[in-house]
Structures are given as structure tokens and as C-alpha cells.
Amino acid sequence: MGKTQEVSYTVIIKNDPDKDRLQLINQYWNFKESAFKNKPKQLSGKNNLTSHELFLIIKEYSFVNLECICPGCNKLTEVAISSQSHFLDSLRNSPLCEECKTKQKLKWEETKKKVIEIRQKNHELAQQKIERQGKFNWALNRYKETRFTDEQAKFMIHIIDTCPDKVSLSFYSEHFVILQKFKLLELIHIEENLAEKYVEIYYPEELREILENHINREHSESENQTYKTWSRLSFHLEKNKSYRNSNTPRFSGTIIFKEDIVIKKGTKCLYGVWDRDHDDAWLTLTPTSDIIVAKNKPIHKEPEHIANILNRFLVNPENRDY
Ligand SMILES: [Zn+2]
């Protein structure tokens, strides 16, 4: 037996083959020294059969029980073999025993189930996200629709101050958008009387105060911003070394501002230029309102002429930032 001892197999004969077929079957399953002694092609050739006819005879009248070690549990297991290639395949890659096959199948099914669950969960999360965004979009649109400007708040105050509860239908149509905004905010209630061509507007007593606070808040915010972004601008002016005459600038150079500087239209500023070494200079630009705020003295309480205040500000060493 030699090397073939390691391979243990039994040929099982079934369906009562005749002598010739039995001989063919024995030749076919003759496995020694790690190889089949008769290749199917040779056998079919010798017996005037096609490969397929040979395969059918082998299958009809025989099979092999091959002993394999299950790679799952290392137990000896018998595998039913139907052809030489199946035999060789099973030697190379031992199949799992039935028990391990069942276990593996269960494991696959569990994994599959988990994957499906994860997909469902992700789908649900995505769905929730879409729904949430939909609600946000609705709220964002509503927010845009209901945001009112100072002008609109002033208009509402005007209605509160001047109009009775009833307004004409034409007035209502003319200011429909504004009134609709306040209606969406549920700050006013509107009742249309189309037959008698008037509209009744109801609102809480507190509305006027709310609108006034809204306008005042907006103002103080914008004023604060102006003071924050702009107090004084000062920088070094370098002498232009290629200066020849009044057609060339006396000073030239570049500067980089580290933050935004907003100079509002109509801002009155005080400027001053000081001599510096090597014919350079120093320039400062200060809003006059800032000087008055800095000195904490309103202008109408100042008896001197504004020019004197401004000049004094320029020469006071305390106000120099160089
Ligand atoms: Zn096993």
C-alpha cells in the first residue's frame, strides 16, 4: 500500500453491474501512491465510451466513501465521492462534517440577519434625518416669512396708534404681506368681512411694547458695532527716497490692516501728521465722536470752540500712540 495508507477509502458497488462494468469500476477507482492509476480519458478510449458515458456508468453503479479529517472539528468523517476529480478535490480541501456544515450555515444565517438588521437601522436613521431636515426646512421658511424689519415693526406701531380695530379691504390688500407675517407669528388675529369690505385686526396690548423693544434693540446693536470696529487709525509714513518734486509723493509705502475697519458715511474725523526721524512722519485719524466719548464730556457742555478741543487733543502726549 505504501503512501496510499494515509488515504482510506471504500468503493461501494450498487445496482448490480455486469462483469465488464464491474471491471471498469474497479479500474476507475484504482488509487495508489497519491494518484489514480487510470485516467478517465484512457478508460473511456479503451472501452469505446465517451467521457460522459463513462461518468454515467460510474455514477449509476458506484460511489466511494472517503475518510477525511473535518477542518472544523478535526473529527474523522466520511464523504461520499462520485468522481476522480471530486476525490482529489476532497483530499486537497477536506470538506466540513455535517455537524460543522450545519453550524456554519447557522452562522451565515445569523450574519446575514445582522447585516439586514444593520441595513434596516441605517435606513431608519436616514429616514429620520430626512424627516428632521424637512421639519427644519419648514421652520427655516417660516422663520424667513415671519421675520419682520424695523420698517414693518414701525408700520404695525402706526396701525396700533392710529387705526381702530377695523381697516378697509383696500388698505388690507395693500399691506397684506406685512399683516400676514404678524398673523403667522400669531401676534395678531385677522377677521375678514368681505361682504362689508372691512377687516378686523385684533392684537394683545403688549404688542406695541414688544415692537418698540425690537426696534431699539436693533439700533443699539448696530451702534455698538460701529464703536467696536472703529476708534483710531495711526501708522508710520515712510519718506519716498525717489522724491523729486510735487509730482512725486513725499511719503510712500504699504501697510497691512490686521482687522476690519469700517468708516461709516458721514463720519467726521480728525487727522494729524507728526515729523519723525529721517524725514519720516506719523499719521493718526480719529473720529471726532470718539474723542468726545474718550473725554467723557458732551460737546454742548464744552465752552470752547471745537477747534481748540481738537487741537489740544492732537498735542496732548496722552493721546499719542507712538
Ligand atoms: Zn466537523
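Two strands are taken to pair if DSSP finds at least two bridges between them. In the predicted model described here, strand S9 (residues 233–237) and strand S11 (residues 281–287) meet this criterion, with five bridges in the antiparallel sense. One of the residue pairs involved is that of His236 with its bridge partner Trp282 in S11.

The protein has 322 residues, of which buried residues make up 8%. Its secondary structure comprises eleven helices and eleven strands. Among the contacts with a separation of 6 or more, 54% are accounted for by residues 24 or more positions apart.

Strand S11 also pairs with strand S10 (residues 269–275), in the antiparallel sense and over seven bridges. Within this pairing, Cys269 has Pro287 of S11 as its bridge partner, and Gly272 stands opposite Thr284 in S11. Together the strands form an open sheet of three, in the order S9-S11-S10, with antiparallel pairing. S9 and S10 are the edge strands of this sheet, each pairing on one side only. Neighbouring strands of the sheet are turned against each other by 15 degrees on average, direction ignored. Strands of a sheet pair through backbone hydrogen bonds, either parallel or antiparallel.

S10 and S11 form a hairpin with five residues between the strands. His278 is located in the loop between S10 and S11, and the phi of His278 is positive, near 55 degrees, although the residue is not a glycine. Most residues other than glycine have a negative phi. Because 6 other C-beta atoms lie within 10 Å, and a residue with 12 or fewer is classed as exposed, His278 is exposed.

A positive phi of about 55 degrees is also found at Lys197, likewise not a glycine. Lys197 lies in the loop between strand S7 (189–193) and strand S8 (198–202). Lys197 has 11 C-beta neighbours inside 10 Å and therefore counts as exposed.

A further open sheet of three strands has the order S1-S4-S5, again with antiparallel pairing. Its edge strands are strand S1 (9–13) and strand S5 (76–81), each of which pairs on one side only. From one strand to the next, the twist averages 25 degrees. S1 and strand S4 (residues 62–69) run antiparallel and are joined by five bridges. In this arrangement Ile13 stands opposite Ser62 in S4.

Two helices, H1 (residues 19–28) and H3 (residues 51–61), have axes that come within 10 Å and cross at roughly 95 degrees. Angles of 65 to 115 degrees count as roughly perpendicular, and H1 and H3 are therefore assigned to that class. On the H1 side, the contact is made by Arg21, Leu24, Ile25 and Tyr28. H3 contributes Ile57, Ile58 and Tyr61.

Lys39 is located in the loop between strand S3 (35–36) and helix H2 (40–46). Lys39 has 12 C-beta neighbours inside 10 Å, and because a residue with 12 or fewer is classed as exposed, Lys39 counts as exposed. Along the chain, Lys39 and Gln84 are 45 residues apart, and their C-alpha atoms are separated by 8.6 Å.

Helix H6 (residues 150–162) consists of 13 residues. From its first C-alpha to its last, H6 reaches 18 Å, close to the 18 Å expected at 1.5 Å a residue. Ala153, Met156 and Ile159 of H6 are buried. Seen down the axis of H6, these buried residues fall within an arc of 115 degrees, so they line one face of the helix. Glu151, His158, Asp161 and Thr162, on the other side of H6, are exposed.

Key. Residues are numbered from 1 along each chain as its sequence is written. This is a predicted model: local features need pLDDT of at least 70, side-chain atom pairs count only at pLDDT 80 or more; totals for chains, interfaces and linings use all residues. Helices (H or I, at least four residues) and strands (E, at least two) are DSSP runs, numbered from the N terminus. The expected span of a helix is 1.5 Å times one less than its number of residues. A residue is buried if 20 or more other C-beta atoms lie within 10 Å of its own, exposed if 12 or fewer, and partly exposed in between; C-beta atoms are placed from the backbone. The arc is that of the directions from the helix axis to the C-beta atoms. Axes are lines fitted to C-alpha atoms, for helices over the stretch in contact, and angles run from 0 to 180 degrees between N-to-C directions. Angles under 35 degrees count as roughly parallel, over 145 as roughly antiparallel, 65 to 115 as roughly perpendicular and the rest as oblique. Two residues are in contact if their C-beta atoms, placed from the backbone, lie within 7 Å.
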